[in-house]
Amino acid sequence: MYKVYLVSSFLLGLLVLSQAQANDNKIGFYELKKGNFRLNLTNYGATVVSVIVPDKHGNLADIALGYDTVDGYKNDGVYFGALVGRVANRIGNAQFTLDGKTYKLPANDKDNTLHGGPTGFGDVVWTVKTHKEDSHITFTYHSFDNEQGFPGQLEVSVTYMIIGTNKLGVRMIATPVDKPTPVNLAQHTYWNLRGHDSGDILSHTVQIFGSKITPVDDELIPTGEFQEVKGTPYDFLEPKEVGSQIHDLPGLYDVNYVLDPSSPQHLRKVAIVKDNVFGRKLELWSNQPGVQYYTSGMLKDTKGKGGATYHQYSGIALETQGFPDSVNHPNFPSMIVRPGQTYKHYMVYRFTAS
Ligand SMILES: *[C@@H]1O[C@H](CO)[C@@H](O)[C@H](O)[C@H]1NC(C)=O
């Protein structure tokens, strides 16, 4: 009798547990707030929906592009605010070879795989692991073997946390369970420091702490070379308006910068973006070797939050990450993670105004 009771309460426990798991997989919106700094996030794609910060007069605005509804995110082709992976950016010819085995992936960007494939991490429902409104939220995702063609199971977590005053930390962790796999996660928020619905970012000033780029072919796949930016339209070593040389380029800025090294133990300074009208400034640090600088050249009549329509150049994305297509370029830093190893990606954003 006693045994039966034990067994059935164990089963009941499992049932309750799996029920809780199922509830966790409902799509919801979650807030983080401290003082005037407020974020809205969803577990659909571990996505940043809005970021509200004051300008130099103390006026608040939402400076992240996004949608009003979950459906907006489900039908999004531009990855607003999403956490992209298993491998962010492009993999040329949608394939790579690892330990002598060739993996074919679904192509979703011409013949290439972009941001993890047609149903990458930005298009799956994450579990809300912990949420404390004035502090942090952690989303987790269990990626299965062969998901979007990638080898092995992968446990992923991303934590968004408010640090001090108007600082946002992002911590991405991934551990392969059973097979080596490439891992390259990226946060894909589009910023417009004057307000998400305020028009273009061409007069924002940008500084990027990278003296080289990894040039790309006409499908935006790296050639494998490195190119010094000094004196070219890619040169943002000193602060410069986004639009000052944008039309000298066929690609309108959609390229990976090789970030200059920092002292060990420290995050690298990645970039500083400033709106000179209302004075908001974003500074970004990360432990990653590269940053994709994308000035939303491909945005076109996208219906966004609160009736806004986003056009070309409505936002800037600064996606810290490993180099694009590193799986096919042995001279790029390897993004292969093996069982027993842990992928760790840190970002810190600081928002100020003056
Ligand atoms: C977060 O965003 C969603 C979608 O726009 C909205 O429905 C929800 O009210 C927002 N939550 C907060 C606290 O602003």
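Which residues surround the ligand?

A: Quick ground rules: this is a predicted model, in which local features need pLDDT of at least 70 and side-chain atom pairs count only at pLDDT 80 or more, while totals for chains, interfaces and linings use all residues. Residues are numbered from 1 along each chain as its sequence is written, and side-chain values use heavy atoms, with hydrogens and water left out.

Now the ligand: around it you'll find Phe29, Glu31, Asn40, Val49, Tyr67 and Asp68, where being near takes a heavy atom within 4 Å. That shell splits into 3 nonpolar, 1 polar and 2 charged residues. Here Ala, Val, Leu, Ile, Met, Phe, Trp, Tyr, Cys and Pro count as nonpolar, Asp, Glu, Lys and Arg as charged, and the others, Gly among them, as polar.

Look at the oxygens next. A polar side-chain atom of Asn40 lies 2.3 Å from a ligand oxygen, and a backbone N or O atom of Asp68 is 3.1 Å from an oxygen of the ligand. On its own the ligand exposes 360 Å², and the protein buries 54% of that; areas like this come from the Shrake-Rupley method with a 1.4 Å probe.

Ring pairs join Tyr67 with Tyr73, Phe80, Tyr190, Tyr294 and Tyr310 in a cluster. Rings of Phe, Tyr and Trp (its six-membered ring) pair if their centres lie within 6.5 Å; planes under 30 degrees apart are stacked, over 60 edge-to-face, and the rest tilted.

Searching the whole structure turns up 24 aromatic pairs. One is Phe37 with Phe351: the centres are 5.8 Å apart and the planes at 50°, so this pair is tilted. Phe37 sits in strand β2 (residues 37-42) and Phe351 in strand β29 (residues 343-353), so the pair ties together parts 314 residues apart in sequence. Strands, by the way, are DSSP runs (E, at least two residues), numbered from the N terminus, while helices are runs of H or I of at least four. Both Phe37 and Phe351 are buried; that word means under 20% relative accessible area, with exposed over 50% and partly exposed in between (1.4 Å probe, protein chains only).

Another pair, Phe96 and Phe150, is stacked, 6.2 Å centre to centre with 25° between the planes. Phe96 counts as buried at 1% relative accessibility, and Phe150 counts as buried at 1% too.

Note on methods:
A polar contact is a pair of N or O atoms within 3.5 Å; within protein, one must be able to donate a hydrogen and the other to accept it, and residues adjacent in sequence count only if both atoms are side-chain atoms.
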